[in-house]
Structures are given as structure tokens and as C-alpha cells.
Amino acid sequence: MAKPHAASPAREAARPSRSLAKAVSRRAAAVSQKLAARGLGAFVWHKKLDRDLGRGLLPDIVSLRSERRRCLARRKEAAAVSSSAASRRVSPPPPITAASFAKAEEEAKEAAFLLDQSRIRAETRFGYGRPKPIDVLVKSLDGTRPRAVAAFRGASLEGLRELGKEIAEHAGLDRANGPFWDAAKVLCDAEVAKAAGTAGDGERLVHSAIFDDVKGVVEGKSIEELDAMQETITARMAAGEAMVVEHWQGVTELIRVEKDKKYLQQNYSTCDDEPASSDNKDDEEEPESADDGGDMADTDDAEGSDALCQVALPQTPSALELRKPKYITRVRSGFEWSKYNRVHYDHDQPPPKIVKGYKFVVYYPDLAGTKPPEYTVHKDGESDETCIIRFHAGPPYEDVAFRIVNKEWEYSRKGGFKCTFERGILHLNFHFKRFFYRR
């Protein structure tokens, strides 16, 4: 004999009739409409009702009052969850305790100490004539040697990558000068991409056929014009008028790099025509040479260093618009304490000053091509006392010339001769030979 089935719950019954199913649905719809009329929308899950009725289960047919209490409880629970999430989003910062204040003060002191040490190192390396690119940026920031853009010229790929790391370190320590370090980082990344031979974001997104034209247009704009151009491009891209989005993204990147470059040029590169190692002792010391006897040393009392005026050159027609390079010129003059002068003059009544040499520093930051600048010496008309020294670099710079004394040069390094071109700066230092009378 088969065992009887367990008693079913009170709600379970045989499969309800069709009339009962319709009655349940009408009851649920009526309760939902009354709740909606009171601002408490109740959702009727008709598929669940049909499924339960198909399984022989009678759903809970409750009164309007109980359904209203259930809806209010759900609404209250949802409001509590929302308020809890909002309180977590706008939770006040933790209170500043004495320990946290002391820690912040200690970190600020440590950052100030590290920045002060970086300035000392920069000043020391400048004093020895061996400044690093980060030293140029540090001294540009404090205003003593504003040559920020020159820090990125002539550096190798490894040097630029190291400079990028040092810029990031200084940016973390010097939050007060964040815009300066951000601009330096953008310019350094662009120079790294150029040195590595890889296209930056601007060059990669802009078509190569028009890249030079686009770059020329961007470089010819001021900061205000670049801001207006960037706003116009952003508005067009937001309105969907930019057909080739990648192109305009590349142009925006070129604008960003050029804006940061001009920011550094206008605010931290006011004397970019000075050499990076202007404090180099090799540039300032006079050559040591023995006189023709006697116990008086060959000293140059009241040593002079005067500026030299440029000589006008005839203008030649050119398809390119050339510009005059910046330069520094110095005439080295002093007293010649020869045997005759020591007999006839003294320090109270010194002999006439003579020109002992010259120093030229010519700045070519945007020189095209790889050929370095050169200088040539020409006759000065019919004069045998003076001659013309001319500096030629090529586009986009015009030649510059100066009138100097026509004497024989001392080309030895020991005699003070120096002719170098690095980081876009041409150095030319020379002294004249000295001839002594011998019996």
C-alpha cells in the first residue's frame, strides 16, 4: 500500500480553476491602482502570479492596508541606504591631530632642505663650469640665470630621460612652482620623443604630409592666440564638427607643447643668450706667460672688459626671413708691463691700455641642419690696423660681423684660445700673441 503524501501547506491546493485565477489577478490589479492613487506605486508581477497559479500555489491576497505598510517600509529602507551612501561620499576629513600636524611639518622641512641642497649643487656646478640641465632649470626658477629652454638643447637621449626623472622629483618637492615643473616635463617629454626618433602624440596623429605646415602655424602664434585656437578646436570637437578627430587631437597636443615652451621662454628664459658655463674659469683667466726678465710679475692691473659694437653688413635678398642672433662680445684690454714700460711708468701713472684679446658668444638656438657655425676674418677696407670678423651659421640666422684689432692670434689652449659649439651656443675666445725684445 502506498504511503500517503505529506500534508500540503494551507496555501497549497489543487490547481485552481480559471475563475479563481482571474479573481486573483483582478484583486492584485485593484490593490495596485489604489496604492498608485495614494502616491505609492505597487508593481504587479503578472508572470509570477501565473507561474504560482500554474503550480497550484495561491499568492498572498492581502488587504490594502498591509500592502501600503509594505510599500512604506521599502521606501524608508531605500531612503536610509541613499543617505548612508551620501554621508560616506561627503564624509568630513579626519581631524588634524598633533601627530599628523608634526608629520606634515617634518615633511615640509625635509622638502625645503632637499630643494635648498639642489640649489647649492647647481651653484657649485655652475662655478666649476659643468652645469647639468637640471641645474639650468633650478637657476632659471630662482631668477639668477633665467635660461630654462636652453636646458633641453644638445642633451643626449639618456640625459633627457634622466632630466625627466629629476624634473618629476623636483615637482613632488616644490608644489608651489607646479606650473613651471609641469611645463618643463611636457617640453622634456617632447624632446625625448624627438631624440628617440619616435613620433610624439602630435606628430603621430597629424598626417605627415601636413605636419610641417601645422607645426609652422602653431609655432608662429602667441600664447593668447594658441589659447583661442585650442578653445575653437575643443568647441568643434564637442559639437561634432571635427570630421577627423585624431587630426585635431594631434593639433591640440602640438598646441599644448608650444604653449608650455612659450611659457618658459617668456617667464624663465629672459637671458637665453648667455652661455651655460658663463662662470667657467677658462673663459675669465688671462694666459700666463713670462716676461723678458726682472722681478715684477706680468700682472694686468685694471683689467678691462668692454662690449664691442656690431658692423653693418650689406643686405642680400633672400627667400627666407632671417633674424639676427643674440650675442655677447667682450674686448679684453689691459696694461702691458714690458721692460720699457716698467722703467717709464708705474701704477700711479700706468702706460696706455692695449687690446689683448676678444671674447664672442653667439647664440643659435634654432639652427637648421647639422653644420656648425663658422667664422671668417676679412680685410677692413684699406686699413691695416683693423680687420672684420664675420660669423656665419645659415638659416634662419643672418650673419653678424665685428671690427677687431688686426694682430696675430694665439691659437694654443694654454694661451686661452677656445672655439666650441654646443647646445646652440658658439664660443670664441682668443688673445693676441706677445712679442718680447731680446738682445
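**Notebook: aromatic pairs and helix packing**

I looked up Tyr364 and found it buried, with a relative accessible area of 1%. I note that the model is predicted.

I then checked Tyr397, which is buried too, at a relative accessible area of 4%.

**Aromatic pairs**

I ran the ring search over the model and got 19 aromatic pairs, counting rings whose centres lie within 6.5 Å. I took Tyr358 and Phe430 from the list: their ring centres are 5.7 Å apart and the planes make 40 degrees, a tilted pair. I placed Tyr358 in strand E4 (residues 354-363) and Phe430 in strand E10 (residues 425-432), so this pair ties together parts 72 residues apart in sequence. I checked burial for Tyr358 and Phe430, and both are buried.

I went back to Tyr364 and Tyr397. Their ring centres lie 5.2 Å apart with the planes at 75 degrees, so I logged the pair as edge-to-face. I found Tyr364 in the loop between E4 and strand E5 (374-380), and Tyr397 in the loop between strand E6 (383-392) and strand E7 (400-405); the pair therefore ties together parts that are 33 residues apart in sequence.

**Helix H2**

Which residues of helix H2 are buried? For residues 46-54, which make up H2, I listed Leu49, Asp52 and Leu53 as buried. They cover an arc of only 95 degrees around the axis, so they sit on the same side of H2. I looked for what covers the buried residues of H2, and it includes helix H1 (18-37). Just after H2, I noted that Gly56 takes a positive phi of about 85 degrees.

**Helices H5 and H6**

I turned to helix H5 (residues 133-141) and helix H6 (residues 157-173), which pack at an angle of about 35 degrees with axes 9 Å apart. I recorded the crossing of H5 and H6 as right-handed.

Which residues of H5 and H6 meet? On the H5 side I have Pro133, Ile134, Leu137 and Val138; on the H6 side, Leu163, Glu166, Ile167 and His170. I sorted the residues of this contact into 6 nonpolar, 1 polar and 1 charged.

How values were computed
Residues numbered from 1 in each chain as written. Predicted model: local features only at pLDDT ≥ 70, side-chain atom pairs only at ≥ 80, totals over all residues. Heavy atoms only, no water. Phe/Tyr/Trp six-rings, centres within 6.5 Å; stacked < 30°, edge-to-face > 60°. Helix = DSSP H or I, 4+ residues; strand = E, 2+ residues; numbered from the N terminus. Buried < 20%, exposed > 50% of the residue type's maximum accessible area, 1.4 Å probe, protein only. Arc of directions from axis to C-beta. Contact = heavy atoms within 4.5 Å. Axes fitted to C-alpha atoms, helices over the stretch in contact; angles between N-to-C directions. Left-handed = near helix turned anticlockwise from the far one by under 90°. Nonpolar A, V, L, I, M, F, W, Y, C, P; charged D, E, K, R; others polar.
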